[in-house]
Amino acid sequence: MNLGSLITDNLFGKPDNLTKAHRFYFKIFELYIVYETINLAWEWGLYTLKISDVVLPLGIANIIDISFMHDNYLPVINALAISLLLLFSFFRIGSKWLYAVVFVLLHFQYVARFSIGEIPHSANLVGMAIFSFAVGVAAFKDELHRYRFIIGFTIFYIGLGYFSASISKLIGTGPNWIDGRHLWLWIAEKSTDILSREGQFNYNFVQVLALNSIPAATLMLFIGIATEFIGILIWFRKLRPYIALALIGMHFGVMMSMNIRFDSFMIELIILGFPFPELYNKYKGHLHYFRRV
Amino acid sequence: MSVQKKSIKITLISLLFYSLLVATHEGEYWPFSIYPMFSKAGNPWTRALVRDVSNTNPDELWETTTLDNLNGNPVSMKSIGVDQIDYSNFVSKTKEWDEKRILALRNMLGERYLITQDWMIFKVHGKMIGNDSVVVETVPILLFKSDTTLFNPNLSSNYYSSE
């Protein structure tokens, strides 16, 4: 089997059929994405009401003037539309294109909200999952095929995203990126953000360790970039749980060293990184035994 | 066509679409991204803070100082419902401090607070010095009072406008 076929099989080859556990697992994943998307749509929509100027146009705002979303209630109406369309999509009521419409409306919501300079990535995996549902529900009719495609497609872009993050660092700075003194500068930057947010700031033990030792700070950065680099191996089914664990650990490390939280990334990695339906089907006999005891 | 073949074909088409969008938009077209954050290490950075300087000696208002020696009392962005990254980016990325931009910032922070308090907008600059230290300095750039906004008299007009 060549590499292309191997990757295709690992991403889209399983399961052979949908058990109750698979259907339940898929709906839990979908429910989480729907919940996060509704949450983001309202959070961004309500915050956009405070914005009255465009500093940095993002995405579609480079082509059209996104200021039509400011100084009025369009962001709230958009959040309402996204919420309703997601409910119809979740229960498979109406057109197969509803997730695609949500994807477009959510993009408008994002560029209206983040038009004043910030380019956050904390919601990217949720956005990519909506993209997966948009493409998967539109392109496939059969529930088994949708399952295989949507899960595989989402995992494909998770692996690619982490890998491209590591390559960006190697291109942007080079191997010297891991120099621990770079972490000092980021810790000072993020500390300033926390000071601005909270009005006060104290270093935690990980930050103190990094600031007191160049080798320790260098090791932290090396582990970070190495974990991102091997993130692409999440494409392979057998390695997936180990890579997911490593990536979750990396996000925990980023949270401790730089106060940056990626909660939705971690939750999505937990859901998609482990073969929960297969484990349930394998051990359900034992679960039954425990219930009887 | 098998499901697997159809799946990989759609994935590759979407990847082409994804690549075109990020390549033409500096690596970002939400939610598509090459995740370039932190790719350029060691560069100086600029963030921003707000302090309540209502009771600060006017002679000390415009001093450039360090985080440990700031005048006034901290204003927590969380307590006024503003995203601190938004605020920082708004301040650090604005090149032209015209009336519209100043009003937008006052509106973002909340005019109601400025009725009773004077708020100083600080830019915070961080950079590496030598091989083993990071220096962080704070520059007061705008003073928001209830009825007016003042520029730092120690900074040249080029600081506030490129024209």
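A charge is taken to sit over a ring if NZ of Lys or CZ of Arg is within 6 Å of the ring centre and within 35 degrees of the ring normal. With that in mind, select Arg113(A) and Tyr47(A): the charged end of Arg113(A) sits over the ring of Tyr47(A), 3.9 Å from its centre. Then move to chain B, where Arg106(B) lies over the face of Phe144(B), at 5.2 Å from the ring centre.

The model is predicted, so local features need pLDDT of at least 70 and side-chain atom pairs count only at pLDDT 80 or more, while totals for chains, interfaces and linings use all residues. Residues are numbered from 1 along each chain as its sequence is written, chains are lettered from A and ligands numbered from 1 in the order in which they are written, and side-chain values use heavy atoms, with hydrogens and water left out.

Aromatic pairs come next. Rings of Phe, Tyr and Trp (its six-membered ring) pair if their centres lie within 6.5 Å, with planes under 30 degrees apart counted as stacked, over 60 as edge-to-face and the rest as tilted; the whole structure holds 39 such pairs over all chains. Select Phe26(A) and Tyr147(A), whose ring centres are 5.3 Å apart with planes at 35°, so that the pair is tilted. Phe26(A) belongs to helix 2 (residues 20-48) of chain A and Tyr147(A) to helix 6 (residues 143-172) of chain A, so the pair ties together parts that are 121 residues apart in sequence; helices here are DSSP runs (H or I, at least four residues), as are strands (E, at least two), numbered from the N terminus. Phe26(A) is buried at a relative accessible area of 4%, where buried means under 20%, exposed over 50% and partly exposed in between (1.4 Å probe, protein chains only), and Tyr147(A) is also buried, at 6%.

Now select Phe17(B) and Phe32(B), an edge-to-face pair at 6.0 Å centre to centre with 80° between the planes. Phe17(B) is partly exposed at 44% relative accessibility, whereas Phe32(B) is buried at 2%.

Finally, turn to the salt bridges, each a side-chain nitrogen of Lys or Arg within 4 Å of a carboxyl oxygen of Asp or Glu. Select Arg47(B) and Glu189(A), whose side chains meet in a salt bridge at 3.8 Å, N to O; the pair crosses between chains, from strand 3 (residues 45-52) of chain B to helix 7 (residues 180-198) of chain A. Both Arg47(B) and Glu189(A) are buried.
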